[in-house]
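Open the model in your viewer and keep the selection tool ready. This tour goes from stop to stop, through charged pairs and then pockets.

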Amino acid sequence: MTDARLARFSLNHATTKYWPLPDAVAGCAAAGVSGIGLWREEVSAFGVAETAKLVRDAGLAVTSLCRGGFFNSPDWRDHNRRAIEEAATLGAPVLVLVSGGLPDGTRDIDAARRHVGEAVGELVPYAVAAGVRRAIEPLHPMFCSDRCVVATLDQALDLVEPYPPSAVGVAVDTYNLW
């Protein structure tokens, strides 16, 4: 019998990163966990369509896909379009975005954050058409240079404010928001 308290619980696969994807899905199903948050690396290794079938056959929902973003890389548009397509294929309603660090050769963190906001906005129509909401995840300031120029909840909220909440939101990870 499934515990009703688990009805809204979702396991983020990163918390069981040494558990292969099929084992994590089977473990969730066996424990009565109804949702799983997936990571693109593991999904890619297993196959996007195969992962979608695996999760669906186990009776689970994909609650999120992590991660898109990294808007400081030269191929950020293609990277994020693929991430949106993968999230849609998996039925994930949310694609978590990690903004990326400073572009090579610059120290202008304000310009980098502005670029993140503009990049998020540029992809709004594509994500909306795919039925995928994106969520910016702020990370600890220690990651600003190489991983995430969005370091506070206020910064993330400022970046999403111009866009419809149905298109872009914020992912809050208490570990990263210290």
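Start by selecting R77, which is partly exposed at 36% relative accessibility. Here buried means under 20% relative accessible area, exposed means over 50%, and partly exposed lies in between (1.4 Å probe, protein chains only).

A word on the ground rules. This is a predicted model, where local features need pLDDT of at least 70, side-chain atom pairs count only at pLDDT 80 or more, and totals for chains, interfaces and linings use all residues. Residues are numbered from 1 along each chain as its sequence is written, and side-chain values use heavy atoms, with hydrogens and water left out.

**Salt bridges**

The term means a side-chain nitrogen of Lys or Arg within 4 Å of a carboxyl oxygen of Asp or Glu. R77 sits in helix α4 (residues 76-90) and E122 in helix α5 (residues 109-122), so the pair ties together parts 45 residues apart in sequence. Helices (H or I, at least four residues) and strands (E, at least two) are DSSP runs, numbered from the N terminus. E122 is partly exposed, at 37%.

The structure holds four salt bridges in total. Select R113 and D110 next: their closest N and O atoms are 3.6 Å apart. Both are in helix α5, three residues apart, about one helical turn. Which of the two is buried? R113 is, at 15% relative accessibility, whereas D110 is partly exposed at 45%.

Now go to K53 and D57, whose closest N and O atoms are 2.5 Å apart.

**Pockets**

Select N12, V96, E137, V172 and D173. Among the 15 residues lining the largest pocket, these lie nearest its centre. A pocket, on a 1 Å grid over the protein atoms alone, is an open set of points where a 1.4 Å probe fits, with protein on both sides within 12 Å along at least five of seven lines; lining residues have an atom within 4 Å of a point. Strands β1 (10-12), β2 (35-39), β3 (61-69) and β4 (94-98) each give two or more residues to the lining of the largest pocket.

Last stop: the second largest pocket. Its lining includes W39, C66, R67 and F143.
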